[in-house]
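Welcome! Please take a moment with the sequence and the 3D view below, and then we can walk through a few places together.

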Amino acid sequence: MSINWKHNRKILIGITGGIAAYKIPHLVRLITKAECESEIIMTRMSENFVTPMTLETLSGRPVWRDEDFDSRIPHIKLSQWADVFVIAPCTANTLAKFAHGISDNLLTSAFTASTCPVVVFPAMNEHMYDNPSTRENLRILSERGVHVAEPSIGELACGDSGKGRMPEPEEIMHEIFRALCVHDMAGKHVLVTAGPTHEYIDPVRYISNPSTGKMGVSMARSAWYRGADVRVIAGPVEIDSYGLEVIHVKSADDMLEAVKSNLEWSDCIIKAAAVGDYRAKEINEHKIKRGDTNTITIELVQNPDISAEVGRLKRKNQILVGFAAETDDIESNARMKLERKNLDYILANDVLSANSGFASDTNTLRLIPRDESKHEKIFSGLKNDIAFDVWSEIIAD
């Protein structure tokens, strides 16, 4: 699948009468920004929370309403047009109709006629969500192949706090992309390290690097889109963790222990973190004060080489992928790491190149396989798109 797998896709949105409908205009903006098309079906009750004119303005298309349910049979045409059908928010009432085949309006009729992937976002009071009837309806839909997204936990419209909030539009986009993907990594366990490490020299200062974890999270997210169970061991950096199990660490020693604890679980390990090579031999107990001299000396010692340790411990059927962020002799340095650390693949890049390396949304990576019968590949573009294509190469074996 090319890197345009998530662009130019057709997304049908169904909106029911829940207050979370106010989030849908932002969702439509995100769909447009992702270079996808959207068509929107509104129930009568949903118009109490968001206006058709707002959605028509943002989508650039007329909104479909119950009064459009005529000889043009829009429920059939829309369901055939869509690559994915998203119902957000989905009230308990509409959920019950879906589960029991009631097709009494345009939205429920389009649902009944749909053959594309369907993602439902229940949004309601926590007691309504936990009601046995609602739980049974959710079970029925799940068994029929409808993907039911878990509601978020937080403050609800009624003033209660609990499980029943609709996810934010950015999180809904993740579910849309996951629904659009072939789940060719279903059943796989993927472990990814991401971000920098902090090697402290005193309680308030540390040695680190500019890594933001974007490449590692892109690898994790693409694997999750393709159906894998994903754990991310993240250094001290903010990441979008939706759908991912995240283990937070600070130092290289912390990361090594976390990786070793998860090795047995893992089928594939992606070592994308920018781990500090050195740490202070001794960490000052108190903040180092400015003295009378112009210089201070800090003795550094090597950190453990996590990739090499994993390479030593990995099972025969595990795949280990490393990264080489280099400033010179890119390919030769990467190949030495590939052999020394017993990696199956290494992804090398020049961090001094424009639009590449730390903090950038784009990258250029050379994928070098250990198996000499396989060819090297060069990937360039957005990190999210690169990650998807890298996985296509890795899982092709």
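## A first look around

Arg221 counts as buried, at 5% relative accessibility (buried means under 20% relative accessible area, exposed over 50% and partly exposed in between, with a 1.4 Å probe and protein chains only). You will find Arg221 in helix α9, residues 214-225; helices (H or I, at least four residues) and strands (E, at least two) are DSSP runs, numbered from the N terminus. Leaving aside residues up to four places away in sequence, Arg221 touches His174, Asp240, Ser241, Tyr242, Gly243 and Leu244, where contact means heavy atoms within 4.5 Å.

A word on the background: this is a predicted model, in which local features need pLDDT of at least 70 and side-chain atom pairs count only at pLDDT 80 or more, while totals for chains, interfaces and linings use all residues. Residues are numbered from 1 along each chain as its sequence is written, and side-chain values use heavy atoms, with hydrogens and water left out.

**The whole protein.** The secondary structure comes to 13 helices and 19 strands. Along the principal axes, the C-alpha trace spans about 80 × 55 × 40 Å. Of the 397 residues, 51% count as buried. The protein exposes about 19200 Å², and carbon and sulfur atoms supply 49% of that area (by the Shrake-Rupley method with a 1.4 Å probe; for residues, only the protein chains shown count as cover). Take the contacts between residues at least 6 apart in sequence: 68% of them join residues at least 24 apart.

**Two helix pairs.** Axes are lines fitted to C-alpha atoms, for helices over the stretch in contact, and angles run from 0 to 180 degrees between N-to-C directions.

| Helix pair | Angle | Axis separation |
|---|---|---|
| α1 (residues 24-33) and α8 (residues 169-180) | about 50° | 9 Å |
| α3 (residues 74-81) and α5 (residues 106-113) | about 50° | 8 Å |

The angle makes α1 oblique to α8, and α3 is oblique to α5; angles under 35 degrees count as roughly parallel, over 145 as roughly antiparallel, 65 to 115 as roughly perpendicular and the rest as oblique.

Which residues make the contact of α1 with α8? From α1 come His26, Leu27, Leu30 and Ile31, and from α8 come Pro169, Glu170, Ile172, Met173 and Ile176. They divide into 7 nonpolar, 1 polar and 1 charged (Ala, Val, Leu, Ile, Met, Phe, Trp, Tyr, Cys and Pro count as nonpolar, Asp, Glu, Lys and Arg as charged, and the others, Gly among them, as polar).

In the other pair, Pro74, His75, Ile76 and Ser79 of α3 meet Leu106, Ser109, Ala110 and Ala113 of α5. That contact has 5 nonpolar, 3 polar and no charged residues.

**A tyrosine in a strand.** Tyr200 lies in strand β9, residues 199-202, and is partly exposed, with a relative accessible area of 27%. Not counting residues up to four places away in sequence, Tyr200 touches Arg205, Tyr206, Ala280 and Ile283. The C-alpha atoms of Tyr200 and Ile283 are separated by 6.5 Å, although these residues are 83 apart along the chain.

**Backbone details.** The peptide bond from Ala88 to Pro89 is cis, with omega near -10°, and Pro89 belongs to strand β3, residues 84-90. Glu35, not a glycine, has a positive phi of about 65°. Glu35 sits in the loop between α1 and β2 (37-42) and is partly exposed, with a relative accessible area of 49%.
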